[in-house]
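Reader: Please show me how to read a protein model, feature by feature.

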Amino acid sequence: MKLKKQVTVCGAAIFCVAVFSLYLMLDRVQHDPTRHQNGGNFPRSQISVLQNRIEQLEQLLEENHEIISHIKDSVLELTANVEGPPALLPYYMANGSWVVPPEPRPSFFSISPQDCQFALGVRGQKPELQMLTVSEELPFDNVDGGVWKQGFDISYSPHDWDTEDLQVFVVPHSHNDPGWLKTFDKYYTEQTQHILNNMVSKLQEDPRRRFIWAEVSFFAKWWDNINAQKRAAVRRLVGNGQLEIATGGWVMPDEANSHYFALIDQLIEGHQWLEKNLGATPRSGWAVDPFGYSPTMPYLLRRANLTSMLIQRVHYAIKKHFAATHSLEFMWRQTWDSDSSTDIFCHMMPFYSYDVPHTCGPDPKICCQFDFKRLPGGRINCPWKVPPRAITETNVAERAGLLLDQYRKKSRLFRSNVLLVPLGDDFRYDKPQEWDAQFFNYQRLFDFLNSKPDLHVQAQFGTLSDYFDALYKRTGVEPGAQPPGFPVLSGDFFSYADREDHYWTGYYTSRPFYKSLDRVLEAHLRGAEILYSLAVAHARRSGLASQYPLSNFALLTEARRTLGLFQHHDAITGTAKEAVVVDYGIRLLRSLVNLKQVIINAAHYLVLGDKKSYHFDPEAPFLQMDDTRLNHDALPERTVIQLDSSPRYVVLFNPLEQERLSVVSLLVSSPRVRVLTEEGQPLAVQVSAHWSSATDMVPDVYQVSVPVRLPALGLGVLQLQLGLDGPRTLPSSVRIYLHGRQLSVSRHEAFPLRVIDSGTSDFALSNRYMQVWFSGLTGLLKSIRRVDEEQEQRVDMEFLIYGTRSSKDKSGAYLFLPDGEAKPYIPKDPPVLRITEGPFFSEVVAYYEHVHQVVRLYNLPGVEGLSLDVSSLVDIRDYVNKELALRIHTDIDSQGTFFTDLNGFQVQPRRYLKKLPLQANFYPMPVMACLQDAQSRLTLHAAQALGVSSLHDDVAGRAGVCPHIEPGLESCVPVTTESTQPEKTGPGSGPLQQLLMAVVFAVHFVACSQPRDGSLPGHPGRPPLLSRGARAVNYQGHSPSLSPFQL
C-alpha cells in the first residue's frame, strides 16, 4: 500500500513538472522581445524549433504515462497476493545488536504530561470522607471500649424518640458460603437445601415473616431440584415481599483479588437467572463477609440499578470513628466522579461480626441471649455463659426492655430513627426448630413492644429493602438519593483488621496457583465467547446453523458459572480447606478444557473459506490447542508441532478490542523451520533452543518466535514448513555463566553458545527504546536507561524471606503476621545465568534453588518494546513458616505514596503509614501497582493477583515496591491461624498444600513531564493510557493474547 502511494505521488510530480515546463516555454516564446522587434512575425526557424520541442514533450509524456502504468500494474500484482504491512526483517549491527526496522506508522500515541497525573486530587466538590485522609488522621489505637470492646459506651435519653418513634427492622438471613469448610455440593446436600426448603414452608405460615438470600449459585441448584408447586410458592413469596434476593450475584464475591470482568460476569449470571426464573430484580446489595471492600463493587451495583448496599468487614478503628461521627451510612462515590452519578447509599454494620451476638446492639453478652438457636439443650451456646430464655407472658416485659435498650443504643450511632438488625449467621435456619424458635420468640417481643405507645418503638421482621425504603421515607428522599445531612465517601476499605494487629493481608496471595488459574480461565472465557458469537452469527446468517454445534453455549454457561463460583470470598482468596480447594481446581480445569473445545469449533468454522464444508466431529477435532494440563494443580505443558514435508498451520486469535503486534512463540520439532503467512509471504523468525534446566537442552524440541500483527478480535493463520530461509530464519545466541559450578552444558550446532565459568561483570540487553542492565552475580535486574535519556534509572530487584511469629498467632491463609522485616534470600549455591539474544527478543534466566526467574525484553515497536516481561517459576515446597517476596528498589522520589489498582478497573493512591504494623501496609494488587514522581513512573502489570507494598522511603527519596510472589501464604507459611473466631480466620485444615507455580508480571518504565510546582492534577482512579495498553498486553496472563491453535 505504501509503495502504491509512493508511485502515484511520483508520477503526479513528473506530470506536473512536464506540464509546468511546457507552460514556461510557451510563456517565454510569447514574451520574446525579438517578436516585437520583428513586427510580431516569427522567424520560420524558431517556429520549427518550437514544434520539435512540443513533439518531444508529447513523446516524453507518453513514455512517462507508460512507465507509471507499468509500475501501477506491478504494485497491483504485488498487493493482490500480499496484504498488510511488509514483514519485519531485522538486521545485525556491527556492534553485535539486532535492529528491527521502524514501522511506517506510529506504534502508539504520544504521552501528554497530564497522562502521568492520575489518582490524586478530585475535580468538583470533595467528599466529606476520603478514606486515604481518614487513614492518615486516625490514631488506630485499640482502647478498651467496655462491653463494646472495640468501641465506646453509648448513652441516650428515653425522650430521644418522643417526636419520632424508633422503627426497627429485624432481618433474618443465612450466610451460605459456596465452599469453605465443605465443598459446594456437600454444603448443598447437608445444609443449604434444607434451609431453602424450610424457608418456603415457614414463611408461608405467617405473612409477617421475612427472609433474605444472597447466593444465587445455591438457589439455582436448589431450584433445579424442586417441583412446580414449590416454585410457584417461591414466586409468590418474592412477589409479596416476604423473600428478597439481595445483590443477586452468583456468589458474594471477594473484592480484593477478583478482576472486574469476573465480577460483572457473576453479577450478570445471577441477575439473568433471577429475571428468567423469578421475574425478580435485586434492589439492595448485601456483602457481610468479604474481607475488605473495593469501590468497584458499589459502582457495578449502581450501574445494575441497585440503589442501596450494606457492608460489614471494615477495620475496627474505622468503624469506631464512623460510629462516633455518625458516618456509618453514607453515599459511596467514585473518586473520579465530579458529580453524583455513581453514588450509591451504603450502610456499614458497626460491630465486630454479622452474627446475632454482634448485631442487636453494642453488648454481645446481651445480644447472644436473643439468639434463640442457642436455647439450652441445643448444640451451641453463648460464650458469655448467659443462655437465651424462651419468651413467655411472664418474662416478655423484662426481656423486651433488655432488648430495646440495645436497639436504642445502636440507633444512637446513626442519623435516622430507622434501625437495621440482622438476625442470622453462617448456614442458619437449616432445621425447622430454629425457624420456630427465632420467629415465635421475636414475634412475641415485637407484639409487646408495639403494644406500648409510651416506648415509642415499632419493631417488625423486614427485608433489607424494607429497611432502606423506610429510611428514605423518613428522610424524605427518593430511593437511592442522598438523605439530607448524610456524608459522601470516596475510597476503599483495605486493608481489613478484625482485632488487634490481625490484618487480613495474607489472603491477597494465598494459594497463588489457583489465583493464576482463575485468570487463565477468565481469558479463555472471553476468547471463547467472542469466537462463539462470531461463528454462530455467521452460521445463522448463512443458513448453516444446523451444522454448527450450538450446544457449545451450554459449555459457555457452565464456564461462566464456574468462574463466578470461584470469585466467592473463600475461593479465589485461597481460604478454604484443602479438599474444597481441590474441588474448585477440578471445576476450573474442567471448564478450561470445555472452553478450549468451544474455541476449537469456532476457530475451525471461521477460518474456512468454504463454510459449507464445515463438519463438526467431536471425536476428531480439526484443531488442537497449544498447551494442555494433566491435572488441576499442574502447570501447562506446551504442544510440540511436528514438522514434516507437509506444511502445518497455526491459527492465531486476538481477543482484545485493539490491534496487536506481538511475538508468538511455538515449539517445533526442528530448528530448520520456515514460517509464512496464510498467503505465502515468508516471515522473519527467531529460532531458539528449548531448555529443561539451566544447562540442558530438550532434544528435538525448539522454539520459533515470530512477530505477528492481528486486528482487533481478529483471526490469522501461519504456515510452518520444514526448511531454512537464510535471511529470515535467525538463530538465537546463548551465553551461560556457571559461576564456578561444575556442570555440563548441552550444545547444538544451530545455536552459537558460549560458556563462561566465572564472571561478575554487569551486562546489558537493549532494544530500540531502552538498555537494561543486570547484575553479573545475581542475574537480577539493576537499572534501565531509555535511549533518549543519558541517566540510568535504578530498578534493582532482590528476593526476600519473611518469617512468621513464634507466638500462638501465626501467618495463615487469612493473616500475614511476619516476625519482622524481610531478610535477604541467600541460596546455597550461586545462580546459573543463561542469556539468550536474538532479533525479536532477548532474555536473562537466573536459576536459583527455589526460583527460576526469566526477564525478557522484546525488540518490537510499541508497548511490548517498552516493557520487561518477568516470570518466576517458584518451588518452595521445602519451606516451613517462610514466605518469599520480590522487592524492586528505584530512584523514584515517591514521597511515601504509591498506587495500586482495584479489580483492574481503577487506581487507588496509598501511603505507607509508619504508625501501623508492617502487615497493615500491604494492599491487594489484582492487576497493577505504580510508583511515580515528577520525572518518571514505574508500573508493574500482574497476570495474577498479588499483594504489594512500598515499605521504605528514606531520606534520599529512594522508594521500593515489594510485590509478594508467595506471601500469604500458600507455599510459604503452611500453617493455619488460631483465633478466637475459628469460623473465619482459620478453617482448621492443617498445613496448606504447596504447589509448583509460575508468577508473571511486566515491568514498565516511562518518563513523565510534570509540573514543577508539585501539583498532580488529573482524573483520579484512572490508569494512564500507556499503562492501559501495557495492561492489555499482559492481562491475558498464562493464556497468550495471540492464542495459537494447531492444525
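Reader: What should I know about the model before I start?

Author: This is a predicted model: local features need pLDDT of at least 70, and side-chain atom pairs count only at pLDDT 80 or more, while totals for chains, interfaces and linings use all residues. Residues are numbered from 1 along each chain as its sequence is written, and side-chain values use heavy atoms, with hydrogens and water left out.

Reader: How are helices and strands named, and when do two strands pair?

Author: Helices (H or I, at least four residues) and strands (E, at least two) are DSSP runs, numbered from the N terminus. Two strands pair if DSSP finds at least two bridges between them. Take strand S8 (residues 308-311) and strand S10 (residues 344-348): they pair in the parallel sense over 4 bridges. Within this pair, Ile311 stands opposite Met348 in S10.

Reader: What is the strand order of the open sheet with 6 strands?

Author: The order is S3-S13-S9-S10-S8-S7, and the pairing is mixed. Strand S3 (129-130) and strand S7 (284-287) are the edge strands, and each pairs on one side only. Helix H9 (residues 296-303) packs on this sheet. H9 touches S7, S8, strand S9 (329-332) and S10. Contact means heavy atoms within 4.5 Å. The direction of H9 makes about 130° with that of S10. For such angles, axes are lines fitted to C-alpha atoms, for helices over the stretch in contact, and angles run from 0 to 180 degrees between N-to-C directions.

Reader: Which strands stand at the edges of the open sheet of 11 strands?

Author: Start with the order: S27-S26-S33-S34-S35-S36-S45-S42-S41-S38-S39, with mixed pairing. Strand S27 (753-756) and strand S39 (906-911) stand at the edges. Each has a single partner strand, so one side of each is left without a neighbour in the sheet. The twist averages 15° from one strand to the next.

Reader: How many bridges join S35 to strand S36?

Author: The count is 7, and S35 and S36 (residues 867-874) run antiparallel. Here Leu857 stands opposite Leu868 in S36. Strand S34 (residues 841-847) is also joined to S35 by 7 bridges, again antiparallel. There Tyr847 stands opposite His852 in S35. A hairpin of 3 residues joins S34 to S35. Now burial: buried means under 20% relative accessible area, exposed over 50%, partly exposed in between (1.4 Å probe, protein chains only). In strand S35 (residues 851-858), 7 of the 8 residues are buried, so S35 is largely enclosed by the rest of the structure.

Reader: At what angle do helix H5 and helix H7 pack?

Author: H5 (residues 184-204) and H7 (residues 228-239) pack at about 60°, with their axes 10 Å apart. That makes H5 oblique to H7. Angles under 35 degrees count as roughly parallel, over 145 as roughly antiparallel, 65 to 115 as roughly perpendicular and the rest as oblique. The contact is made by residues including Val200 and Leu203 of H5 and Ala233 and Leu237 of H7. By class, this contact has 5 nonpolar, 2 polar and 2 charged residues. Ala, Val, Leu, Ile, Met, Phe, Trp, Tyr, Cys and Pro count as nonpolar, Asp, Glu, Lys and Arg as charged, and the others, Gly among them, as polar.

Reader: Is Gln443 buried or exposed?

Author: Gln443 counts as buried, because its relative accessibility is 11%. Gln443 lies in helix H13 (residues 432-450). Not counting residues up to four places away in sequence, Gln443 touches Arg208 and Phe461.
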